[in-house]
Every structure is written in C-alpha cells, then in structure tokens.
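The following report describes a single protein model.

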Amino acid sequence: MNPLLKIINKIISWLKNKLKIISHLSHNLPSKKERKKHAEIKKIEEQNKEKSEETTPNKLTLSKSPEHPSSETSEEGEKESLKKGITSEGHSLKSQLTKIVQPSKYIENNNIIPQKEPKVERKPRTIKFPIEKRKTKKEVEPRPKIEAEYIKTSKKHDLAKSRRHLNPSPKPKEFPPKEKPDKEKIQLQKRIASPYFELDLDDIRIFLIIPSHRLPAASSGNFPSQLIYQLELNGGTISLPTSVKKVKDEIQVDQVSIMIDKPIEIFKVIYPPELEGRIYEYYHSDNNFYVFIAAGNKARMHYIYDINANLIPVPNRDAWIALKNDYDLLIDSNSIDLRPLWDCYNLQRVDLKNLSEIKIKNKKTDEIKKFNVNRSFSIEGDMLVKDDYVNQMPLFSGNIIKIISPFSSDESKFNIWIQNRFGAFKIIPWILSSGPISIKLPEDLPCDAGEFQIDICKESKNKPIDTLFFRFVPRLYLKFSNILIFPDKNKGHKEEEIDVIINKDEWKLKLDTKSKIEIYETSKGYQLNLPKDLNSIYFSLFKISNPETETNIRITIPRLKWRTSDMFEWKDKILDIIKDNLEFGRDLYLVVRSNDYFEKYDLIAHLISDKGAIYHKIDFDRKGIDYYVLLNQLYDTIKSNPNNLYLNVKVHHNGQYLGNFNTLHFYTKKEITKKIPSEPKKEVIREEKNIKPNVIGGNRKLRKGKGFSIAELMAAGLNLKELKSKHISLDKRRKSVHQENVKILISLKEGEKDDNRSS
C-alpha cells in the first residue's frame, strides 16, 4: 500500500475520533449506541451482583465483625469495603461495584466508559494523546513549526489584552475620531476670498479674478441662483454676474474672470450681500512699474502701495516686472526676452532672492526710483521634484513641508489657510516660533493632492499678509536629461525621453489637445518623447477618482540652439552667411539659448578660419537663458579675409570647460561668368527632290514614309501648289501628325523666305 494513503487513512481515522468526541461532549443526552451499551452494562452488573451475593458474602463483612450479619448490614458493609477498594477480585470489581452503587451520577456526567471493553478504554487515550503531547516541553521544542502556529494563535488574544492593560491612555483611541470632525468643520467653514490680478504667461494677458466660493448650506440661508459683483475700474463701472449651484450640503459660487487691457490705476470690487457685501479697493499711484509674483505659468500682482500711497516692500522671490518703455531696469534680470504688455510695457523676469532693492531709471530724465525688497515667508520640504516651476511653485512628493517665517518668536499669532486650486480649504492655527512650522502631507491638506495656496493671516484678520504656492503629488519621480546638451554638427539634436514614474492605475497623464506628442505607458508609469524642434513640454497629472487633484507640470530640456537677430526660428545646425550681405549700418546679433533656467554659463566666441587660424575672441552678454554677441565688430576681419570663416562658441560652467560648437559660416559668393548664349542657328533644309517624312511602322520603329499627311501640311502652313514647286510628296491616306515632320516643312518654308531676302 502506498505510504501516503496510510498517512491519509490515519488522519481520517483521527478526525473521525475527534468528531465523535466533540459530538459526544456537545450533547447532554446519550446516543442510541450509548443507550445499548448502558443496557448491556446493566445486565453485566446484575449478573455480577447475583454472583457476588452467592459466592462471597463473608469476605465483604470481615472488616466489620466475625459474625454473620443480616442482609441490610451486609449491603452496607459491601458499600464501605468497595469504596475502600478491599475486594478479592481487584480493581475491576471495584470499578464495577461503584457503577452499580452510583448509577445516577455516572449517567449525568456522561462518562460511561466500561473498562472491560477495549473500544471504550481506547477513547480516552485518543483524547489525551494530543493534549499531553502539546503540554510537554520536550516534544514542542524540536518542532518549531508547530510551536510557531501555537504561539501565533495565542498572541492574537493576548496582545489585545496587553494593549488594553499596558496602554490605558485614551489618546490613541480618541485621536482618529478627533481628526474627522475637525475636517468636516473646516471644509464647511465660511470664508470670503479676496479678488486678485493674474498674469497669464502663455498668452501675456492680465485678468481680474474673483475666486470661487464654497459655503455651508446651513449658514447661507436661501441663496439666489445668480449673484452680481460691482466692479469700478479706472473710472468705469461694470456688473459681473456669476452662477450659484447647490451640491450636497454646500453652495458653490463660480469664479469670475475679466481681461484687463489697460494699465491698472484705480479699481474697486463690491461683493453682493450674500457674501457679506465686502468692498475691496486699490489705488496704484505710479503706473510706470508693476510687480507680479511668479507661480508656475501664472503670476499674481503684488500691491506695492497701501491706502495712504505708502510703498509696500516687494517679497524676495521670483517676479515678473512690467516696465514702461521709457524706463530701464538697473539690475541683472533673468528675462528670457522682452515681452510686450499693454502696447507700451515690457515684461522681464527677475530673481529677487539675493536683492535688497529694485532700481528703475527714466531714459529721458535719468531719474532713478527705488523699491525695497524684504524677506518673506518661504517653504521647504523633502523629496522636491524639479521642473520649470520649482522656484515659483515647488512640487513635493514627500510627507512633510516646512514654512519658515522671517519674524522672530515674540511676534503675534498667525493662522494658515491652505486652499486647493478648486476651492476647498483648511485652517491651521499656530504660533510663530524660532524654528520652522511643519505641515503633514496629506493629513493637513484639504484634499489628497494637487495645487495649493497658503495664505498667512494674522489671528484676528482674514486678509493675508503673505501668500505661498506649492504642489503635492505623492510618490512622483521625473526622469529626464538636465545636463546641457550639445547638438551634432551634421544631424543636430535628437529626441529626448521623459519618464514620469507614478502609479498609472491611480494617476492619469493629460497633454494639451494641440500637442502632437504621444503618451506611452510603461511598467513604472508613462513615457514622453520630446521631438528635436520643441524645447518644452507641458502636461498635467490627476487622480482618476478625484479631478480636483490636477497638477500642472512643465519640463524644458537644456538644448543649445541659436539664431541671428533678423531670424525668428531657432536652429541647431550651422547658419551660412554671405560676406557681402553684412551691412555696417545695421546691427546684427548672434543669440544663443541654453534652455536652462537653473544654471549660468560662460560663453566665448572665437572667429576661426577653415585652416585653423584664430582671429578674434569675444565674450557673450547674458540675459536669463539667452546669450548675446554683436557681430558688427567682426565685419572688417570677415570681409577682408578671403578664407571661409566660422564662429565657434566655447562653453564653461563654474570654470570647467564643457564643449564647443560652430554656429555661423561666413563665405564669399563666387561670381560665375556665364557666356551669353547665342541664338541657335536654325537648320535650313534646302530644296531637295523626293523629301520623305518619318513615320512609325508596325513594329513601333521609325521608317521613311511615302509622303506628308494633309494635317502636317496644314500645321506647317503650306498649300498644295507649294508642294509641287518644292518636290514634296503627299500621302492622302495617312492622317497622323508628327512634330518632326511639321518642323521639316516649316524649315523648308522659312528657307525659301531667307533666300528671297538675300537675293
């Protein structure tokens, strides 16, 4: 027999015994089999009783008296002697007699097990065997698997008791329920947000934004379906309607935006009574200078004047400065280029982190104006994801961010309002201290992820004294090339891969509808291929289950490209310029763009010949990510040198040489003297007898025909009389026209005219 089957049969038999024992213990009444056994036992007891009375009546009474007692005294003596175990038949007789004397107790306890029958005696052994084996330590120690299972089952029960006993403090139990009501109260709190001016850097337009509001339905009363704001801008009055809708237990007031196409001087916004009828107003006393604090691809206008026309310091952050054309900025700006605004202003990007003041100069009067720059609140955190907006709106993927205050620890109290881009907000009360204030992510946020705004307000006021922006996407990692890329001299740049490492089952990536870039799914997330003609890519991430978590991201690959000032398209290959096209009276610049917003480079131009000689060395001027050099200073050398010249650019970073590339090729256009072609001599076919035309035969080959067709004569302008004088044969049957035959006839006709003229 198979040993495996033996083991299985043993297990089955053991299980059957177990089930019998469990069923036996679970029922108070005995089963049919047990009743039969009881009846058999009773019969045996009666037979034994009769035998004992007949055979051994004196032995049972020896301990009491030597005389023969009566029947009653003999029965009592039997009982006492049986209890003490003094019998002639040994232990089996004792057990049998005790069963006879006390049958009621034996049946009530359900322990009827006759010792004479082997089957009944084996049952307690099967019950005791596993219990005794588990209790013995010697057998448990060499079997770690059985011990681990036994301990595991006991730990579940014991740990619950030990936690209740060792941790009597109610804090861990009460902490989770405390957070839930706080979140509900915070989300339903009533807060009226103030309007602001927003600069859209993609289209270079300015909008007045009245934010959306989410109010609790219980405290709002009966809201109308539409609210109307009153706007007074530069002397004009406009009514701005907005729609209202009720969603669950909240009332949502939609956002209002209006484009501003003129410089802002005076504006005033009056809220409807349902929004407490608040009034917001601002007076800009100097319309030559505007400041916008950068936040991603947007920027928010900073109010630089208070009600009394006093200057308010500018925060030390990345900012966009709008200057009138009559003014110059007297600081080293990081402007990509001068962008027009309102037809008479220019936008420039400026990093104010290490500056104490901003200076502007009037070009006509040389008047200099100064604006102070003060330290402001800043935000830091672990696991910072680097993209183009990292300085204006940092992107975090960790668990904690820290707000660093510029004030000392003995200042007044402040509150933090953390607001999602779609309207949800949360309040965190705190007291300024010498160290940074930590905010847990996402526990302290109004939603799981997305773009957030932090308004820092004084404890008794709702007007913010400072505003911070940040983004949060948990467990996000971006992988792309952030090292300066030099183009290939023949092929230029190539496609660059961008890996977005995130859980694609939970997060979805969305591109602009106009973008031709394809999204590829990978095992770790998504992959984007940036073509060589594009420098930046703009996309967003959002949770599939929650669209409010949408987060915008922009990545720029640092590729070197260049162009001249009279071009608009950026190139990655050598540009050819003819030397004679260079004009002294017109300035021509070479502009090299690094497409790197975070690093500064040193660029040096070398004018070299195709034979290797170096003639000039010029340094570039930097403005943001663009580097300029004026080419007019090289015209004399370029025009006087007969060789082909190249403008080579060498790149250094922090004193380290990175590489070089050729940008321009100057050459002399060779004048090719072409001979004026003389008029081709016309082939004159003189009169010859029997001139035959060329026709196509049956095998598609040329052959001499019988004569010219009537159609060929008409095409050449000849008549039948001229045919006889020129001895030209005619084929009346052929109807085809061949151009070669027509030319022959025309030449014969013109030859006759030339002969007549010469004569």
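## A polar contact at D576

The side chains of D576 and H665 make a polar contact of 3.1 Å. A polar contact is a pair of N or O atoms within 3.5 Å; within protein, one must be able to donate a hydrogen and the other to accept it, and residues adjacent in sequence count only if both atoms are side-chain atoms. D576 belongs to strand β36 (residues 575–578) and is exposed, at 54% relative accessibility. Exposed means over 50% relative accessible area, buried under 20%, and partly exposed in between (1.4 Å probe, protein chains only).

Leaving aside residues up to four places away in sequence, D576 touches H665 and Y667, where contact means heavy atoms within 4.5 Å. The C-alpha atoms of D576 and L664 are 6.0 Å apart, although 88 residues separate the two along the chain.

## Basis of the model

This is a predicted model, in which local features need pLDDT of at least 70 and side-chain atom pairs count only at pLDDT 80 or more, while totals for chains, interfaces and linings use all residues. Residues are numbered from 1 along each chain as its sequence is written, and side-chain values use heavy atoms, with hydrogens and water left out.

## Overall architecture

The secondary structure comprises 14 helices and 45 strands. These elements are DSSP runs, numbered from the N terminus: helices are H or I with at least four residues, and strands are E with at least two. Of the 759 residues in the protein, 39% are buried. Among contacts between residues at least 6 apart in sequence, 61% join residues at least 24 apart.

The protein exposes about 48200 Å², of which carbon and sulfur atoms supply 51%. Accessible areas come from the Shrake-Rupley method with a 1.4 Å probe; for residues, only the protein chains shown count as cover.

## The surroundings of R471

R471 lies in strand β27 (residues 464–472) and is buried, with a relative accessible area of 0%. The side chain of R471 forms a polar contact of 2.9 Å with that of D387. Beyond residues up to four places away in sequence, R471 touches several others, including Y389, M393, F396, E451 and N552.

## Salt bridges

The structure holds 18 salt bridges, each defined as a side-chain nitrogen of Lys or Arg within 4 Å of a carboxyl oxygen of Asp or Glu. Side chains of opposite charge can pair when their charged atoms come close. Another joins E357 and K359 at 3.7 Å, with E357 partly exposed at 25% and K359 partly exposed at 30%.

R586 and E583 also meet in a salt bridge, at 4.0 Å. R586 is partly exposed, with a relative accessible area of 35%, as is E583, with 48%.

## A nonpolar surface patch

L4, L5, I8 and I12 form a nonpolar patch on the surface, with about 340 Å² of accessible area together. Patches are made of residues with over 30% relative accessible area and no salt bridge; like charges are joined within 9 Å, and nonpolar side chains (Val, Leu, Ile, Met, Phe, Trp, Tyr) within 5 Å. I12 lies in helix α1 (residues 3–26) and is partly exposed, at 38% relative accessible area.

## Backbone features in loops

A cis peptide bond, with omega of about 0 degrees, joins L441 and P442. P442 is placed in the loop between β25 (437–440) and β26 (450–458).

I204, a residue other than glycine, has a positive phi near 55 degrees. I204 lies in the loop between β1 (196–200) and β2 (205–210) and counts as buried at 18% relative accessibility. N595, which is not a glycine, has a positive phi of about 60 degrees. The loop holding N595 runs between β37 (589–593) and β38 (602–609), and N595 is buried, with a relative accessible area of 5%.

## Confidence

The mean pLDDT, the predictor's confidence in each residue from 0 to 100, is 75 for the protein, and 71% of its residues reach 70 or more. Confidence is lowest in helix α8 (residues 144–166), at a mean of 34, and highest in strand β21 (residues 395–396), at 94. Over residues 56–76 the pLDDT is below 50, and this stretch has eleven contacts in the model beyond near neighbours in sequence. Residues 682–688 also stay under 50, with 14 contacts beyond four places in sequence.
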